[in-house]
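This report goes through one structure, section by section. Keep the sequence and the model side by side while reading.

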Amino acid sequence: MTQHDKTSLSRRQIVHAASATFAAASLASSTAKGDTMAEQELIDPVTRYPKPPFKKQSQPWPGLAGKMEPRPDHGETSYKGSGRLAGRKALITGGDSGMGRAAAIAYAREGADVAINYLAAEEPDAQEVIALIKKEGRTGLAIPGDLKDEAFCRQLVEQAIQGLGGLDIIVNNAARQQTRASILDVSSEDFDATMKTNIYAPFWIIKAALPHLKPGSCIIGTTSEQAYDPSPDLYDYAQTKAATMNYVKSLAKQLASKGIRVNGVAPGPIWTPLQVSGGATMEKLEKFGGMTPLGRPGQPAELASIYVQLAAADASYATGQVYGSAGGSGQP
Ligand code: NAD
Ligand code: MG
């Protein structure tokens with residue numbers, strides 16, 4: 001054994017001894033905490049939420065969560081925060097319903113002030129979210145308006161910064177999805193509206209916000225399993241989700257040196273108004289989520305913790321990542 005080996009061996013022993021002491025100490029403290037910590041119920045993901053067949057239903061676009069049967073779960077009664085985003089200021093587009101609403105509720109319970117954007121027709125859903133944010137003692141800002149309009153996107157960012165007193169989390173989550181059996185059924189107006197909502201709006205919002213974002217800020221985009229495995233009837237929508245996945249990765253590289261992280265969430269089939277207001281055919285809706293290994297659609301609440309995780313400071317090495325939640329199929 002060389003002197004070097006001896007030295008490194010003795011260092012290893014020291015480290016082992018130290019970690020054993022540390023492990024014993026942390027075991028003691030976790031046991032002590034265990035006395036006061038409520039035990040988490042073991043939950044079966046298969047039976048946790050409704051599965052198909054679903055009742056036939058349809059609403060005019062953009063639809064209301066409040067009118068869906070069954071009503072989606074956005075974590076209204078279940079999400080528990082632990083201060084992970086205390087003091088943060090977030091803007092969430094499509095924050096009235098679906099994934100955006102689940103993120104808004106979770107962010108407020110984690111201690112963030114939250115501005116949500118939505119369409120005027122969605123005011124009833126939006127007001128429920130604002131009430132839940134305020135119930136947490138946080139600032140809840142309702143900023144309705146059409147994201148297809150560049151001037152509005154700039155104004156949205158300005159209003160959020162004014163109303164929240166700053167901005168450090170942006171969730172580009174709003175989207176338009178309308179099923180069309182054939183590309184021949186996709187009008188230029190359709191195509192334009194999908195591109196404007198899903199691709200231009202995040203571009204305009206990020207450009208307006210960037211000069212205000214400090215190191216430690218983050219941008220999150222909602223992409224989809226459609227980015228990787230597009231459905232035949234979602235020609236325009238699916239390509240915008242591929243573009244979202246792509247901008248997340250490009251912008252992450254561009255903004256890394258500024259200390260701004262950019263990540264994406266890729267949901268599978270989730271029970272939201274987007275699906276019952278033209279996003280899916282009635283046939284698909286009745287069996288919605290049944291093809292996944294878990295045999296059911298996801299609920300927005302089941303993705304809330306991903307939006308929290310990507311925004312939290314302890315995820316500081318995660319940038320350019322896309323986190324999936326798709327019931328066992330889909331990518332990534
Ligand atoms: P949702 O209908 O609850 O949310 C979409 C929101 O987009 C609407 O609430 C609306 O406020 C907003 N929106 C649409 N057009 C707008 C416009 N012109 N101006 C302002 N706001 C506008 O549905 P969701 O499923 O929660 O959608 C959220 C995100 O999740 C979207 O990016 C969607 O592509 C993505 N996604 C959904 C599913 C799913 O199965 N539901 C799957 C993968 C990805
Ligand atoms: Mg909505």
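Buried means under 20% relative accessible area, exposed over 50%, and partly exposed in between, with a 1.4 Å probe and protein chains only. Five of the five residues of β5 are buried. Strands (E, at least two residues) and helices (H or I, at least four) are DSSP runs, numbered from the N terminus.

β5 pairs with strand β4 (residues 169-172) in the parallel sense, over four bridges. Pairing requires that DSSP finds at least two bridges between the strands. V171 has I220 of β5 as its bridge partner.

S231 sits in the loop between β5 (218-222) and α6 (235-255). S231 is buried, at 19% relative accessible area. Beyond its neighbours within four places in sequence, S231 is in contact (heavy atoms within 4.5 Å) with Q226 and K284.

## Basis and confidence

This is a predicted model, in which local features need pLDDT of at least 70, side-chain atom pairs count only at pLDDT 80 or more, and totals for chains, interfaces and linings use all residues. Residues are numbered from 1 along each chain as its sequence is written, chains are lettered from A and ligands numbered from 1 in the order in which they are written, and side-chain values use heavy atoms, leaving out hydrogens and water.

The chain has a mean pLDDT (the predictor's confidence in each residue, from 0 to 100) of 92, and 89% of its residues reach 70 or more. Over residues 1-34, pLDDT stays under 50. The model has two contacts beyond four places in sequence for that stretch.

## The magnesium site

Which protein residues are donors of the magnesium ion (ligand 2)? They are D96 (OD), S97 (OG) and E122 (OE), lying 2.1 to 2.2 Å from the ion. Donors are N, O and S atoms within 2.8 Å of the metal (3.2 Å for Na, K and Ca); water is not among the atoms, so sites may look incomplete.

The donor residues are spaced D-S-x24-E in sequence. D96 lies in the loop between β1 (89-93) and α2 (98-109), and E122 in the loop between β2 (113-118) and α3 (123-135), so the pair ties together parts that are 26 residues apart in sequence. D96 is buried at 1% relative accessible area. E122 is buried too, at 7%.

## Helix α4

In α4, the buried residues include F152, L156 and I161. Their cover includes β1, β2, β3 (140-144) and α5 (188-209). Just after α4, G165 takes a positive phi of about 75°.
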